[in-house]
Amino acid sequence: MKQTYRITVDCANCANQIEHEAAKIDGILSLSISFLTGRMKVTFAEEAEVEAVLGELLRVARRIEPDFEIHGY
């Protein structure tokens, strides 16, 4: 399943680091962040519990950038 979310991310370098760390999260097949548009595209594994995966992603992302937000989940 593919989803697009609006996000708050303050710098392109942080977005790249979050993308790299997200690859390690179970349930995420791919993730890309566009710093310029403030959008994140996520492809979830078929068996993934989306809410749990997004919670883990948010926890990981906030270690890199404390102000990171995922809007609308």
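**Sheet and helix packing**

Strands β2 and β3 (residues 39-44) pair in the antiparallel sense over 6 bridges. Pairing requires at least two bridges found by DSSP between two strands. Strands (E, at least two residues) and helices (H or I, at least four) are DSSP runs, numbered from the N terminus. The model is predicted: local features need pLDDT of at least 70, side-chain atom pairs count only at pLDDT 80 or more, and totals for chains, interfaces and linings use all residues. Residues are numbered from 1 along each chain as its sequence is written, and side-chain values use heavy atoms, without hydrogens and water.

Within this pairing, I33 stands opposite M40 of β3. The open sheet has 4 strands in the order β2-β3-β1-β4, with antiparallel pairing. From one strand to the next, the twist averages 30 degrees. Angles run from 0 to 180 degrees between N-to-C directions, and axes are lines fitted to C-alpha atoms, for helices over the stretch in contact.

Helix α2 (residues 50-64) lies across β1 (2-8), β2, β3 and β4. It runs at about 145 degrees to β4.

Helix α1 (residues 12-22) packs on α2 at an angle of about 140 degrees, with the axes 9 Å apart. The two helices are therefore oblique to each other (under 35 degrees is roughly parallel, over 145 roughly antiparallel, 65 to 115 roughly perpendicular, the rest oblique). The contact (heavy atoms within 4.5 Å) involves C14, Q17, I18, E21 and A22 of α1. From α2 come L57, V60, A61 and I64.
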